[in-house]
Amino acid sequence: MPVRTSAPLPPEDPVPHLSRRSLLLSAAAAAATAGSFTAVARAAARTPKVLVIGLDGALLSRIKDADAPHLDALMAAGLTAPSSIYANPLAPTLSGPGWSTILTGVWPDKHNVKDNAFTGARFTQYPDFLTRAETAKPALSTYAVASWTPLTDTVLSAKVDTRVSTPSAEYDTGTTSRAVARLRDADPDAVFVHLDNIDHAGHTYGAASQRYLDAVHTADAQVGEMVAAVKARPSYAAEDWLIMVTADHGHTDAGGHGGSTLQERQTFLIATGSALAPGSVRHDVKMPDVAVSALAHLGIPLDPAWGLDGRPVQQPAPDDFDALRGSLAARVDETGIPAALVGFTHTPPSGWSVDNSAMGGGGVTEWRGWSFTTDEFWTQAQRDQSRESNIRARNVFAVADGDEWTDKSSTGTFDSTLVSPAYPVTGGGTAVLTYTTYYRHESPQKGEVLVSYDGGTPVSVRTYTADVPSRTETVTLQVPAGATSAQVRFRYTGGNNWYWVIDGVRIGMS
């Protein structure tokens with residue numbers, strides 16, 4: 001597959017234009033505290049502004065290894081959120097799909113960017129966040145400058161007030177000086193800056209090299225210049241800045257990306273702002289959240305019709321499964337998962353249960369019946385079987401994986417039921433069941449969703465007997481007269497077949 005290199009591009013006219021160049025937190029509860037409400041109230045009186053800095057090909061683990069005092073200071077002052085992305089067949093871990101996801105707030109199955117040529121991109125339907133900001137509030141001042149110029153030439157639209165494709169002779173130095181000048185001397189409301197040299201060092205020397213660490217150190221100093229320019233603004237005290245630093249993909253130790261290893265699939269968000277707790281770490285943040293967080297901070301209402309996949313980092317929404325992260329264990333039978341990585345448990349969260357009364361015997365311990373796991377753990381059980389396409393589950397999720405269970409001698413069939421708490425409902429009304437799912441099918445496997453009222457007989461409301469991509473499901477429920485509670489069961493049956501993911505389960509009255 002094609003992998004973008006980041007060698008400097010040929011010189012170009014520095015005047016902003018469409019050049020057509022061919023190269024192509026544990027802090028979830030903090031916002032509810034009185035102190036956070038006070039901070040948000042103070043921020044409401046100030047002018048919201050956004051700075052997004054992209055560090056192409058940067059690994060959070062190597063940032064922590066490097067001499068990077070400015071990025072360290074941002075992590076200490078705000079949020080650090082490691083996360084992972086997709087791989088083929090959804091999209092390779094390349095810059096085109098990665099930056100398109102970050103800038104538009106939707107995953108590749110929506111924006112349709114699969115490579116660095118942007119063939120078939122749906123940017124009209126899913127525009128970048130600066131374009132959405134300009135459309136909603138034309139008076140906003142928007143600015144973008146990029147060292148990898150397809151971003152300013154192709155992804156970001158002409159609605160953005162100023163787009164600068166940095167001449168290759170200037171590279172990140174020119175990108176930084178332009179960004180600093182704009183932040184210092186003008187009055188931008190939303191700024192996107194792309195720096196490329198970390199990716200260049202990764203391709204040339206590998207992520208395990210000292211030269212990669214040196215590139216991180218240089219980029220850190222450039223980030224420091226931009227942050228200093230923001231803080232030196234005469235109007236800074238009257239402004240409420242959300243600063244976000246992120247990356248489009250990771251790198252292998254030897255150098256390169258595009259494949260499905262966890263290192264290539266790594267990304268992160270470092271963010272500081274009035275609604276983010278200092279020194280917080282979260283695992284529920286995903287790549288599309290950058291664009292959505294920027295829009296929310298600018299006071300732009302998020303229209304459900306836009307179909308955005310992100311959610312604002314300022315508004316965490318943990319679900320029941322996320323509470324299990326602190327109790328996850330290391331591997332037992334699996335051999336491909338790093339021994340030190342914790343990532344699974346069979347113990348459900350409070351109010352939930354797992355019925356394994358019909359479950360077969362033996363098999364791989366980690367996947368014996370419904371398990372609660374993470375992307376980092378589950379995808380390494382076996383790469384390149386589309387587990388990497390489980391993009392819409394966040395943090396800890398539930399999985400029934402008959403394929404992995406049968407990798408060790410087993411008896412009987414996989415037959416396990418995940419049972420929810422009893423949710424309050426109103427008899428005679430209409431309730432809505434929502435959940436995130438991802439289902440890969442092979443006959444005779446089946447996934448079935450059943451609902452019972454007040455402890456009565458469960459009734460099937462949805463059945464899965466064909467592949468279902470990662471998505472949020474909505475099921476309308478007609479609540480029987482007099483009923484006061486509803487309980488959901490997710491039953492997976494099969495053998496050496498595939499798997500089913502469930503996350504974010506909720507029932508509410510419509």
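Predicted model: local features only at pLDDT ≥ 70, side-chain atom pairs only at ≥ 80, totals over all residues.
1. Helices α6 and α11 are roughly parallel to each other, because their packing angle of about 25 degrees falls under the 35-degree limit for that label. Their axes, lines fitted to C-alpha atoms over the stretch in contact, lie 9 Å apart.

2. Numbering starts from 1 along each chain, and side-chain values use heavy atoms, without hydrogens or water.

3. What do the two helices touch with? Phe129, Arg132 and Ala133 of α6 meet Ala291, Ala294 and Leu295 of α11, contact being heavy atoms within 4.5 Å. That set splits into five nonpolar, no polar and one charged residue.

4. Now the cores, meaning buried (under 20% relative accessible area, 1.4 Å probe, protein chains only) Ala, Val, Leu, Ile, Met, Phe, Trp, Tyr and Cys residues joined through side-chain atoms within 4.5 Å. The largest holds 50 residues, and those with the most contacts inside it include Trp370, Leu418 and Trp500. Strand β22 (499–509) is among the elements giving two or more residues to this core, and its six are the largest share.

5. Leu418 deserves a look: beyond its neighbours within four places in sequence, its contacts include Phe321, Trp352, Trp370, Ala398, Phe490 and Ile502.

6. There is also a second, separate core of 43 residues, with Trp99, Ala146, Leu242 and Val285 among them.

Methods
Axes fitted to C-alpha atoms, helices over the stretch in contact; angles between N-to-C directions. Helix = DSSP H or I, 4+ residues; strand = E, 2+ residues; numbered from the N terminus. Parallel < 35°, antiparallel > 145°, perpendicular 65-115°, else oblique. Nonpolar A, V, L, I, M, F, W, Y, C, P; charged D, E, K, R; others polar.
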